[in-house]
Amino acid sequence: MAVQHQDGTLLEVERVKAPLPPLYRVLLLNDDFTPMEFVIEVLENFFYMGREQATLIMLKVHNEGVGICGLFPRDVAETKVKQVLDFARSHQHPLQCVMEEDR
């Protein structure tokens, strides 16, 4: 986009794209005590997953020890981790939720 002044000079506007902020993975970690149904409830309520997708991720956590809940900007990821941990503790479950920078 160019802007022309009354004196005839022409100014060019240079658009610079700012880099996107880094994204963080929010992960659920397996334990031997948290019920599978509770993990599904967490995925549905905090990560807005449907029942089928939540079940698949719960099974991944159960079988592989960790499952990815989503990719978020840092502040959103931190909030999700805190919400999940608070919810799990309020229901007396040791479910662990962590975040790591996406590479």
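A residue counts as buried when its relative accessible area is under 20%, and as exposed when that area is over 50%. These legends use that cut-off for close-ups of a predicted model.

**View 1. Phe-46, Phe-87 and Phe-38 form a cluster through ring pairs.** Phe-46 has 15% relative accessibility, so Phe-46 counts as buried. Phe-38 is buried too, with a relative accessible area of 6%. Phe-87 has a relative accessible area of 17% and is also buried. The rings of Phe-46 and Phe-87 have centres 5.2 Å apart, and their planes meet at 65°, so this pair is edge-to-face. Phe-46 belongs to helix 1 and Phe-87 to helix 3.

**View 2. Phe-38 and Phe-87 make a stacked pair.** By the rule for ring pairs, the count comes to three aromatic pairs. In the pair of Phe-38 and Phe-87, the centres are 5.3 Å apart and the angle between the planes is 10°. This pair also links distant parts of the chain: Phe-38 sits in helix 1, Phe-87 sits in helix 3, and 49 residues separate them. A pair of aromatic rings is described by two things, the distance of the centres and the angle of the planes.

**View 3. The largest nonpolar core has 24 residues.** Which members touch the most other members? They are Val-26, Leu-28, Val-42, Leu-43, Phe-47, Val-84 and Leu-95. Strand 3, helix 1, helix 2, strand 4 (66–73) and helix 3 each supply at least two residues of this core. Helix 1 gives the largest share, seven residues. In soluble globular proteins, nonpolar side chains tend to be buried together.

**View 4. Leu-28 and its contacts.** Set aside the neighbours within four places in sequence. Leu-28 is then in contact with residues including Val-39, Leu-43, Val-61 and Val-84. Gly-65, Val-66, Gly-67 and Cys-69 are also among its contacts. Leu-28 is itself one of the core members that touch the most others.

**View 5. Asp-31 is buried yet has no salt bridge.** Asp-31 is in the loop between strand 3 (23–29) and helix 1 (36–47). Where is the nearest side chain of opposite charge? It belongs to Arg-89, 7.3 Å away. The side chain of Asp-31 reaches backbone nitrogens instead. One belongs to Phe-33, at 2.7 Å. Another belongs to Thr-34, which lies 2.6 Å from a polar atom of the Asp-31 side chain. Beyond neighbours within four places in sequence, Asp-31 is in contact with Pro-94 and Leu-95.

**View 6. Tyr-48 has a positive phi.** Its phi is about 55°, although Tyr-48 is not a glycine. Tyr-48 lies in the loop between helix 1 and helix 2 (51–64). Is Tyr-48 buried or exposed? Its relative accessibility is 67%, so Tyr-48 counts as exposed.

**View 7. Gln-92 has a positive phi in a residue other than glycine.** The phi of Gln-92 is near 60°. Gln-92 is found in the loop between helix 3 (74–90) and strand 5 (96–101). At 73% relative accessibility, Gln-92 counts as exposed.

Note on methods:
Residues numbered from 1 in each chain as written. Predicted model: local features only at pLDDT ≥ 70, side-chain atom pairs only at ≥ 80, totals over all residues. Heavy atoms only, no water. Helix = DSSP H or I, 4+ residues; strand = E, 2+ residues; numbered from the N terminus. Buried < 20%, exposed > 50% of the residue type's maximum accessible area, 1.4 Å probe, protein only. Lys, Arg positive; Asp, Glu negative; His and termini not counted. Salt bridge = Lys/Arg side-chain N within 4 Å of Asp/Glu carboxyl O. Polar contact = N/O pair within 3.5 Å; in protein donor to acceptor, adjacent residues only side chain to side chain. Contact = heavy atoms within 4.5 Å. Core = buried A, V, L, I, M, F, W, Y, C linked by side-chain atoms within 4.5 Å. Phe/Tyr/Trp six-rings, centres within 6.5 Å; stacked < 30°, edge-to-face > 60°.
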